[in-house]
Amino acid sequence: MSVDLRSVRETVRLWWSPARIGEEGRTPDYRFSLANERTLLAWLRTGLALVGGGFAVDQFLPRLHPGLRTVFTVALLVAGALCAVRAVNHWVRCERAMRRGEDLPVSRFPSVLAVVVGVLAAAMVALVAIGWTR
Amino acid sequence: MGTAPDGSGARDPGLQPERTRLAWRRTTLSCTVVVALAVRRLTQSVAPGVVTAGAVALTGVAWLVFGLVAHGRMRAMAAGRPPVLGTRGAGLVALCTVVLAVSVAVVLVGGG
């Protein structure tokens with residue numbers, strides 16, 4: 001998730017002219033592309049699970065302070081949406097790296113997501129335990 | 001390796017197309033569950049009827065698009081050497097996830 005300007009420009013170019021990926025380098029073994037596709041789908045399911053978790057917070061914590069509940073719900077929904085967008089970005093970058101014969105891109109995203117989910121879960125457990133309700 | 005001597009065979013010792021087809025199936029089922037929960041939540045909302053109806057319609061469209069992309073991809077997996085997933089398909093399924101999250105978030109923040 002490096003955010004320097006060059007990588008942002010690169011990403012925008014990649015997203016707006018997808019045909020370019022197909023022109024670069026050599027087509028990798030189809031099995032590698034399928035493995036990459038399954039990784040994309042696993043990340044999409046992770047995003048969908050986060051969205052579902054947001055619905056669960058909204059439905060199953062009726063006694064939590066309404067404002068807090070909305071904050072937690074929206075945080076999980078946004079995390080799910082970001083996860084899905086990032087999944088496609090990572091898939092495109094992996095596909096391109098394979099075509100060019102480069103190393104696969106490394107990412108800080110899994111660690112960031114783990115910390116975010118851990119902090120959200122701990123906060124909710126603490127809030128329910130101390131009974132901070134209406 | 002793993003293909004018939006004449007190069008046309010579909011034998012893949014790793015069953016990659018099958019595993020990918022099942023991954024699409026799992027993901028479609030996950031999406032269906034989330035759509036069902038979203039519709040349930042939206043129909044319970046006290047937001048104006050037009051907003052709710054729009055959000056439900058959007059959710060339905062997202063589910064349909066997701067299902068169509070997944071269906072096309074699962075059909076492609078029947079080939080011995082499936083073609084690479086297109087950027088458009090990948091972008092569309094991600095967009096569906098974003099639409100699901102945003103449509104519920106908007107209704108929630110806008111008055112529950």
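**Close-up views of a predicted two-chain model**

Figure 1. Val56(B) is located in helix H2 of chain B, in a model that is predicted.

Figure 2. The unreviewed UniProt entry carries the annotation "transmembrane region" for residues 46-69 and 90-110 of chain B. Residues 90-110 of chain B are 95% helix and 0% strand, with 30 Å between the end C-alpha atoms.

**Figure 3. Confidence along chain B.** Chain B has a mean pLDDT of 87, and 88% of its residues reach 70 or more. Over residues 1-8 of chain B, pLDDT stays under 50. For this segment of chain B, the model has nine contacts beyond four places in sequence. Where pLDDT is low, predicted coordinates should not be read in detail.

**Figure 4. The aromatic pair of Trp43(A) and Phe109(A).** One aromatic pair is found over all chains when the whole structure is searched. The ring centres of Trp43(A) and Phe109(A) are 5.6 Å apart and the planes stand at 70°, so the pair is edge-to-face; planes over 60 degrees apart fall into that class. The pair links distant parts of the chain, with Trp43(A) in helix H3 of chain A and Phe109(A) in helix H5 (residues 109-130) of chain A, 66 residues apart. Trp43(A) counts as buried because its relative accessibility is 17%, and Phe109(A) counts as buried at 8%. The ring of Trp43(A) also has the charged end of Arg86(A) over it, 4.9 Å from the ring centre.

**Figure 5. The largest nonpolar core and the contacts of Leu77(A).** The largest nonpolar core contains 53 residues. Those with the most contacts inside it are Leu40(A), Phe55(A), Phe72(A) and Leu77(A), together with Trp24(B), Leu100(B) and Val104(B). At least two residues of this core come from each of H3, helix H4 (66-100) and H5 of chain A, and likewise from each of helix H1 (16-44), helix H2 (49-76) and helix H3 (87-109) of chain B. Beyond four places in sequence, Leu77(A) touches Val51(A) and Phe55(A) in chain A, and Ala101(B), Val104(B), Ala105(B) and Leu108(B) in chain B.

**Figure 6. Asn36(A) and its contacts.** Asn36(A) belongs to helix H3 of chain A. With a relative accessible area of 8%, Asn36(A) is buried. Not counting residues up to four places away in sequence, Asn36(A) touches Trp91(A), Cys94(A), Glu95(A) and Met98(A).

Figure 7. Glu24(A) lies in the loop of chain A between helix H2 (19-23) and helix H3 (30-60). Glu24(A) counts as buried because its relative accessibility is 18%. Apart from neighbours within four places in sequence, the residues in contact with Glu24(A) are Arg96(A), Arg99(A) and Arg100(A). For Arg99(A), the C-alpha to C-alpha distance to Glu24(A) is 6.5 Å, although 75 residues separate the two in sequence.

Conventions: Residues are numbered from 1 along each chain as its sequence is written. Chains are lettered from A and ligands numbered from 1 in the order in which they are written. This is a predicted model: local features need pLDDT of at least 70, side-chain atom pairs count only at pLDDT 80 or more; totals for chains, interfaces and linings use all residues. Side-chain values use heavy atoms; hydrogens and water are left out. Helices (H or I, at least four residues) and strands (E, at least two) are DSSP runs, numbered from the N terminus. Buried means under 20% relative accessible area, exposed over 50%, partly exposed in between (1.4 Å probe, protein chains only). Contact means heavy atoms within 4.5 Å. Rings of Phe, Tyr and Trp (its six-membered ring) pair if their centres lie within 6.5 Å; planes under 30 degrees apart count as stacked, over 60 as edge-to-face and the rest as tilted. A charge sits over a ring if NZ of Lys or CZ of Arg is within 6 Å of the ring centre and within 35 degrees of the ring normal. A nonpolar core is a set of buried Ala, Val, Leu, Ile, Met, Phe, Trp, Tyr and Cys residues joined through side-chain atoms within 4.5 Å. UniProt positions are given in the numbering used here, feature names are shortened, and annotations may be inferred rather than shown by experiment. pLDDT is the predictor's confidence in each residue, from 0 to 100.
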